[in-house]
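Subject: Structure handover

Hello,

Please find the structure below.

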Amino acid sequence: MDGVRTARRTAARTGGRTRWLPDQHGAWAMLAVPFLGGILLGGPAPADLALLVAWPAGYVAVHHGQQWLRLRRVARNPRAAGRHVRPGLVFGAGCAALGAPLLFPYPWLVPAALCAVPFVAVNTYHAWRNRERALLNGLAAVVPACGMLAVTYRMGSGSYAGAWPAVAACLLYFGGTVPHVKTMIRERNSPVYRRASVACHALALAAAALLSPWLALPFAVFLARAVLLPPRRPRIAVVGAVELTCSLLLLATLPLAF
C-alpha cells in the first residue's frame with residue numbers, strides 16, 4: 001500500500017500529471033558517482049558524453065516501465081498506468097538513439113548490459129509486487145549502478161584492469177546507504193535495523209581499508225553518520241543533503257585510493 005499512497009501524493013502535488021524524472025535524489029547520486037569515478041580513474045573517452053545521457057535515460061525508461069507494470073496491477077484509476085507510457089517511450093528512444101551507435105566501436109557493451117539484466121529483473125519483480133521499498137530491491141539496484149564504473153573505466157583505459165577495487169568501494173558505500181536511509185525513514189523506530197546498519201558500516205570500513213588506506217577516512221565518516229544521525233531523526237531534506245555530501249566525498253577519494 002505504500003506505493004499506492006506515494007503515487008496518490010505525487011499525483012496530488014502535480015495535478016494528476018506524472019513526473020517525467022523520478023523524484024529520487026539518492027538514485028541520481030548512485031547513477032552519477034560510479035560513472036564519473038570510472039572516468040576519473042580510466043581517463044576520458046569520446047563516447048563518455050553520449051553514454052552520460054544514454055545511461056540515465058535508460059534508467060528513467062526502466063523506471064517508467066516498472067511504474068506502468070505496478071500501477072496496472074494495484075491502481076484503482078485505469079489511467080494511472082497509462083501516464084507512464086509516453087515518458088517511458090521517449091526516454092527509451094533517447095537511450096536507444098544514443099546508446100545503439102556505441103555498440104559498434106564498443107561491442108563489449110552488450111555482455112556488460114546483459115550482466116545488469118538479473119538485477120533489473122529483481123527490481124521489476126518488486127515493482128510488480130508493489131514492494132519497491134524492500135531491502136533486497138534497494139540492494140539489487142545498487143549493483144548495476146556501481147558496475148558502470150567498470151564500463152567508463154574500460155572506455156578510457158581500454159581494459160577492466162584496475163576498475164574492480166573502485167567498484168567494490170562503491171558497492172560498500174551505496175550498499176550501506178540502503179539500510180542506513182531506512183533507519184531514518186521507514187524503519188526509524190526499529191533498533192534492530194539501526195544495529196544492523198551500524199554493523200554493516202563497521203564491516204564496510206574494515207573492507208574499504210583493506211582496499212586502500214585512503215578509504216579509511218571517508219568510510220569512518222560514513223560509519224559515524226550511521227551511528228549519530230538516526231537518533232536525531234533528521235528531516236528528509238537533511239538526510240538527502242548528508243548522503244549527497246558523502247557521495248561526493250567518496251568520489252573525491254577514489255583518485256587518491258586507486
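Is W128 buried, exposed or partly exposed? Keep in mind that this is a predicted model. W128 has a relative accessible area of 34%. Buried would need a value under 20% and exposed one over 50%, so W128 counts as partly exposed.

Once neighbours within four places in sequence are left aside, the contacts of W128 are L69, R70 and R73. L71 is 57 residues away from W128 in sequence, while the C-alpha to C-alpha distance between W128 and L71 is 8.1 Å.

Rolling a probe the size of a water molecule over the atoms shows where empty space is left. How many cavities of 30 Å³ or more does the structure hold? There is one, and the volume of the largest cavity is about 30 Å³.

Its lining is made up as follows:

- Residues: L172, Y173, H201, A204, F219, F222 and L223 line the largest cavity.
- Helices: at least two lining residues come from each of α7 (164-182), α8 (191-211) and α9 (216-228).
- Largest share: α9 supplies three residues of the lining.
- Classes: six of the lining residues are nonpolar and one is polar, with no charged residues.

Regards

How values were computed
Residues numbered from 1 in each chain as written. Predicted model: local features only at pLDDT ≥ 70, side-chain atom pairs only at ≥ 80, totals over all residues. Heavy atoms only, no water. 1 Å grid on protein atoms, 1.4 Å probe; cavity = no way out; pocket = protein on both sides within 12 Å on 5 of 7 lines; lining within 4 Å. Points joined across faces, edges and corners; volume = space filled by probe spheres on them. Helix = DSSP H or I, 4+ residues; strand = E, 2+ residues; numbered from the N terminus. Nonpolar A, V, L, I, M, F, W, Y, C, P; charged D, E, K, R; others polar. Buried < 20%, exposed > 50% of the residue type's maximum accessible area, 1.4 Å probe, protein only. Contact = heavy atoms within 4.5 Å.
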